[in-house]
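Let's take a friendly walk through a protein model, one topic at a time. Keep the structure in view as you read.

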Amino acid sequence: ESEGITFQIHTICEHHAKKIQLKVTFQLSHEYPVCLPDISICSDQLTRKQCCDLKQSLMRYADTLLGQPMVYELMIWLQQNFNDDVDHGFVDKASEGDSSQQHCSADGTVWMALLHLDHMRAKAKYIRSIEKWTSDLRLTGRLMFMGKLILILLQGERKDIKDYLVLQKTSKVDVDSSGKRCKEKMISVLCEEKLQAGQLRLTSFAVKEFTSGAELHQEFEVLGLSGLYDKFVRFSKISAT
């Protein structure tokens, strides 16, 4: 009951006389329309990156409608603006495999960010949100727990990491001490930099729990990120006791 309602709309948009079938899923919380809906877009005829970019554009428009029923308006906007968004580097899904580096920047650069969360009260729901965002944005990495310490490691395009941070800070993903849904106000970006030689390029996003600092350090060592651990975890104020 606390999750609200979820429904999917099947629609067809035209791209230069070609019909593109879209599935748009809306998840409305009980606070909608004061709270933005959670939206996902998928299509067999578009790449995952294109679907994600389309969703981000739709969410930006949804921001302008906050406080009023918006599903109908969002679908109309999608129909009217589909060409402009998809024209930005349109490729068919069938040709997606021809570009094995689509998840990287144009020059092949992979970026990495290490984030620190102060707490996570609604843990299960929060984790589901993080997994969904990283999947939608094609980000890989780790969500790591060790005692009270919560770290998020992200790898992917710099733009996608920036989009993730917007979602993290503007979505109501947790609850406050009274149990009311709230936005994340206590997230810190510990570092954001290019992946260097010797640092492992992750191929998936995983949630991991560690029972000791030694186990957590070992994970960073395996990833070639011992320097990051020493600088931002071991010798910092965020280290859990």
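This is a predicted model: local features need pLDDT of at least 70, side-chain atom pairs count only at pLDDT 80 or more; totals for chains, interfaces and linings use all residues.

Residues are numbered from 1 along each chain as its sequence is written, and side-chain values use heavy atoms, with hydrogens and water left out.

**The helix pair H5 and H6**

- The axes of H5 (residues 213-222) and H6 (residues 226-234) come within 8 Å and cross at roughly 140°; axes are lines fitted to C-alpha atoms, for helices over the stretch in contact, and angles run from 0 to 180 degrees between N-to-C directions.
- That angle makes H5 oblique to H6, because angles under 35 degrees count as roughly parallel, over 145 as roughly antiparallel, 65 to 115 as roughly perpendicular and the rest as oblique.
- Val233 is found in H6 and is buried, with a relative accessible area of 1%; buried means under 20% relative accessible area, exposed over 50% and partly exposed in between, using a 1.4 Å probe and protein chains only.
- The C-alpha atoms of Val233 and Leu216 are separated by 9.6 Å, and these residues are 17 apart along the chain.

**A covered strand, S4**

- Seven of the seven residues in strand S4 (residues 111-117) are buried.
- In a regular strand the side chains alternate between the two faces of the sheet.
- In S4, Trp111, Ala113, Leu115 and Leu117 point one way, Met112, Leu114 and His116 point the other way, and all are buried.
- S4 runs antiparallel to strand S6 (residues 149-156), joined by seven bridges, and Leu114 stands opposite Leu153 in S6; two strands pair if DSSP finds at least two bridges between them.
- Seven bridges also join S4 to strand S9 (residues 187-194), again antiparallel, and the partner of Ala113 there is Glu192.

**The three-stranded sheet**

- An open sheet has the strand order S1-S2-S3, with antiparallel pairing.
- Strands S1 (5-15) and S3 (38-42) stand at the edges with a single partner strand each, so one side of each is left without a neighbour in the sheet.
- From one strand to the next, the twist averages 20°.
- Eleven bridges pair S1 with strand S2 (residues 18-28) in the antiparallel sense, and Ile9 has Val24 in S2 as its bridge partner.
- Helix H1 (residues 48-63) packs on this sheet, touching S2 and S3, and its direction makes about 145° with that of S3.

- Asp163 is buried, with a relative accessible area of 12%.
- Leaving aside its neighbours within four places in sequence, Asp163 is in contact with Gln56 and Leu137.

**The whole protein**

- The protein has six helices and ten strands; helices (H or I, at least four residues) and strands (E, at least two) are DSSP runs, numbered from the N terminus.
- Buried residues make up 46% of its 241 residues.
- Among contacts with a separation of 6 or more, 65% come from residues 24 or more positions apart.

Definitions and conventions. Contact means heavy atoms within 4.5 Å.
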